[in-house]
Amino acid sequence: MKKILFLVIILAIAAGLFWAVSNRAVRFVSSKPKIVVSGYVPYTLTKQLVGNTAEVLMLLPPGAEPHSFEPTPGALVALNQADAFIYVSDELEPWAADLAKTVGEQTRVLQLAKLIRPDKDPHIWMDFYKAELMVYQIGALLAEIAPQNRSVTDKNWKNFDAQLYELKEAFQAGLSHCKYNEVVHIGHLAFGNLLRPYGITLTALSGSSHEGEHSAKKIAQLAREINAKKIPAIFTEDVISPRLAQTVAAETGAEILPLYSIEHISKQDFENQVSYTDLMHRNLENLKRGLVCPAF
Ligand SMILES: [Zn+2]
C-alpha cells in the first residue's frame with residue numbers, strides 16, 4: 001500500500017512538473033522586433049547583439065537539453081508572430097528543423113550551421129571562429145529585419161567581437177602549458193571543438209548527444225583510468241545527474257569541476273543573463289584548475 005501511495009505521489013509531482021514546463025509562457029509582450037530562438041546558444045549570441053532593441057524568446061526552457069526537446073503549442077503561436085526564427089542546426093535540434101518548416105513567409109529562418117562546414121560534432125559554437133561566423137549571420141539578419149536599430153546592434157557586434165578575441169587569447173595563454181592534457185568528462189561529447197586547438201584530448205562518458213548508457217562497467221573502467229593516470233579532476237555538466245560524477249570521484253578522489261556547454265542553461269544563470277563569454281571564462285578557469293595550468 002505504502003509503495004502504491006509513494007508511486008502516486010511521484011506521478012503527481014511528475015505531472016505537476018510537466019504542466020509547469022509545458023505551460024511556460026512563450027509569448028511576445030512588446031512592439032519591438034520579434035525573434036524566436038531555439039535554445040541558449042542562439043539566445044545569448046542574439047541578445048549580445050540586440051541588447052534591449054528587440055524581444056528574444058527562447059523555446060527551450062532553462063534546464064532542458066536541446067538534443068531531444070519537444071516544443072509546446074505556444075511555440076507555434078510565437079513563431080507565427082516572429083520576424084525571425086534562429087536555430088543552430090538540423091543535426092543538433094531536429095525539433096527546431098521541423099518547426100522551421102511550419103513558419104509563414106513573414107518569419108525569416110536562420111539555421112546558423114548553414115554557412116559552416118559540416119562536422120561530426122554538432123557543438124559548433126565551441127569553436128571560437130565558428131561562433132564568430134554565427135554572430136556574423138545574426139548581425140546580417142538583424143540589419144534586414146530591424147534596420148532602424150543598426151547603430152546599436154553594430155556597436156554591440158563590435159564589442160562582442162572584441163570579447164571573442166580576448167577569449168581566444170585567454171584560452172591560448174591559459175591552456176598552453178598545463179601539467180595534464182586530458183579532460184575526463186562525466187557528460188556528453190560537447191567539448192571537443194573547444195579543447196582540440198590546445199592539444200587537449202577529451203574522454204567523455206556519453207556520445208555527442210545526451211543518450212548513451214552509463215553502465216557500471218563503463219564507470220569502473222573510467223575510474224581505473226583516472227587512478228592509473230593520477231588525474232586530479234573530473235568535469236561534469238549540470239543536466240546529468242551529479243550521482244555519476246560523485247561515484248567516480250568517490251573511487252578516485254578526483255575533484256569535480258563543472259564545464260558549461262552553453263546549449264542549456266540553469267534557471268539562475270538565465271535569470272542573471274549570463275552570456276556566452278561569461279560561461280566560456282568559467283570554463284577556462286575550471287580547465288586551468290583541473291589540468292593544473294600555470295598561473296593558477
Ligand atoms: Zn550537446
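1. Just after helix H9, Gly-253 takes a positive phi of about 75°, a value that, like the others in this note, comes from a predicted model. Most residues other than glycine have a negative phi, and it is therefore worth looking at two residues of that other kind in the next point.

2. Lys-230 is not a glycine, yet its phi is positive, at about 55°; this residue lies in the loop between H8 and S7, and with a relative accessible area of 65% it is exposed. Gln-273, also a residue other than glycine, has a positive phi near 50°, and its place is the loop between helix H10 (267–271) and H11. At 37% relative accessibility, Gln-273 counts as partly exposed.

3. Which residues of helix H9 (residues 242–252) are buried? They are Leu-244, Ala-245, Val-248, Ala-249 and Thr-252, and because they fall within an arc of 130° when seen down the axis of H9, they line one face of the helix. As background, an α-helix has 3.6 residues a turn, so residues three or four places apart point the same way. The buried residues of H9 pack against strand S5 (182–186), helix H8 (216–229), strand S7 (233–236) and strand S8 (255–258), whereas Pro-242, Arg-243 and Ala-250, on the other side of H9, are exposed.

4. Two packed helices are described by the angle between their axes and the distance between the axes. For helix H6 (residues 150–174) and helix H11 (residues 276–290), the angle is about 5° and the axes are 11 Å apart; H6 and H11 are therefore roughly parallel to each other. Among the residues that make the contact are Phe-160, Leu-164, Leu-167 and Phe-171 of H6, together with Tyr-276, Met-280, Leu-284 and Leu-287 of H11. Taken as a whole, the residues of this contact divide into nine nonpolar, five polar and one charged.

5. Elsewhere in the model, four strands form an open sheet in the order S2-S1-S3-S4, with parallel pairing. Strand S2 (55–58) and strand S4 (108–111) stand at the edges with a single partner strand each, so one side of each is left without a neighbour in the sheet. Neighbouring strands of this sheet are turned by 20° against each other on average, direction ignored.

6. Within that sheet, strand S1 (residues 34–37) pairs with S2 in the parallel sense over four bridges, and the bridge partner of Val-37 in S2 is Met-58. Helix H2 (residues 40–50) lies across S1, S2 and strand S3 (84–87), and runs at about 170° to S2.

Notes
Residues numbered from 1 in each chain as written. Predicted model: local features only at pLDDT ≥ 70, side-chain atom pairs only at ≥ 80, totals over all residues. Heavy atoms only, no water. Pairing = 2+ DSSP bridges. Helix = DSSP H or I, 4+ residues; strand = E, 2+ residues; numbered from the N terminus. Axes fitted to C-alpha atoms, helices over the stretch in contact; angles between N-to-C directions. Contact = heavy atoms within 4.5 Å. Parallel < 35°, antiparallel > 145°, perpendicular 65-115°, else oblique. Nonpolar A, V, L, I, M, F, W, Y, C, P; charged D, E, K, R; others polar. Buried < 20%, exposed > 50% of the residue type's maximum accessible area, 1.4 Å probe, protein only. Arc of directions from axis to C-beta.
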